[in-house]
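Welcome! Have the sequence and the 3D view open, and try each exercise before you read its solution.

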Amino acid sequence: QVQLVESGGGLVLPGGSLRLSCAVSRRTSSSYDMGWFRQAPGKEREFVAAISWSGTTYYADSVKSRFTISRDNAKNTMYLQMNSLKLEDTAVYYCAAKPPTGDPRQARYLYWGQGTQVTVSS
């Protein structure tokens, strides 16, 4: 069983920055693809960014050039650096993990964190 715990959410002004972290319980997490998803009120959950086990990164068009995903396998932790935040980035952000099969943007993720709230507001 893989457990994921997000942290780093909060309230930020438009144009501000936040860094989300996702701590993974399992040592073999370096062999998993990992991703960030978000769900805004009244909307479906959507893909934000992913990083494959080999380090290849993927981004939704809406966050490309503003968000950066990374992972530190030695610390079993994944990060999402979010810059130039917009009102529409407000959502609950979830990290997720899956075995390295299929496109990390579309494949089914097996393990999910509980989510962390990000609110962008003036």
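This is a predicted model: local features need pLDDT of at least 70, side-chain atom pairs count only at pLDDT 80 or more; totals for chains, interfaces and linings use all residues.

Residues are numbered from 1 along each chain as its sequence is written, and side-chain values use heavy atoms, with hydrogens and water left out.

**Exercise 1. Describe the overall build of the protein chain.**

Step 1: Begin with the elements. The protein chain has eleven strands and zero helices; helices (H or I, at least four residues) and strands (E, at least two) are DSSP runs, numbered from the N terminus.

Step 2: Turn to the dimensions. The C-alpha trace spans about 40 × 25 × 25 Å along its principal axes.

Step 3: Look at burial. Buried residues make up 45% of the 122 residues, where buried means under 20% relative accessible area, exposed over 50%, and partly exposed in between (1.4 Å probe, protein chains only).

**Exercise 2. Find the disulfide and say which parts of the chain it ties together.**

Step 1: Apply the rule, a pair of cysteine sulfur atoms within 2.5 Å. The count comes to one disulfide.

Step 2: Name the partners. Cys22 is joined to Cys95, with 2.1 Å from S to S. The link of Cys22 and Cys95 is right-handed, with 60° about the S-S bond.

Step 3: Cys22 lies in strand β3 (residues 18-24) and Cys95 in strand β9, so the pair ties together parts that are 73 residues apart in sequence.

Step 4: Check burial. Cys22 is buried at 0% relative accessible area, and Cys95 is buried at 0% too.

**Exercise 3. Which residues touch the most other members of the largest nonpolar core?**

Step 1: A nonpolar core is a set of buried Ala, Val, Leu, Ile, Met, Phe, Trp, Tyr and Cys residues joined through side-chain atoms within 4.5 Å.

Step 2: Read off the residues. Of the 35 residues in this core, Leu4, Trp36, Leu80, Met82 and Tyr93 touch the most other members. Elements giving two or more residues to the core include β3, β8 and β9.

Step 3: Zoom in on Met82. Leaving aside neighbours within four places in sequence, Met82 is in contact (heavy atoms within 4.5 Å) with residues including Leu18, Leu20, Tyr93 and Val118.

**Exercise 4. Is Thr77 buried or exposed, and what does it touch?**

Step 1: Locate Thr77 in strand β8 (residues 77-82). Thr77 is buried, because its relative accessible area is 14%.

Step 2: List its contacts. Not counting residues up to four places away in sequence, Thr77 touches Ser21, Cys22, Ala23, Arg71 and Asp72.

Step 3: A polar atom of the Thr77 side chain lies 2.8 Å from the backbone oxygen of Lys75.

Notes
A polar contact is a pair of N or O atoms within 3.5 Å; within protein, one must be able to donate a hydrogen and the other to accept it, and residues adjacent in sequence count only if both atoms are side-chain atoms.
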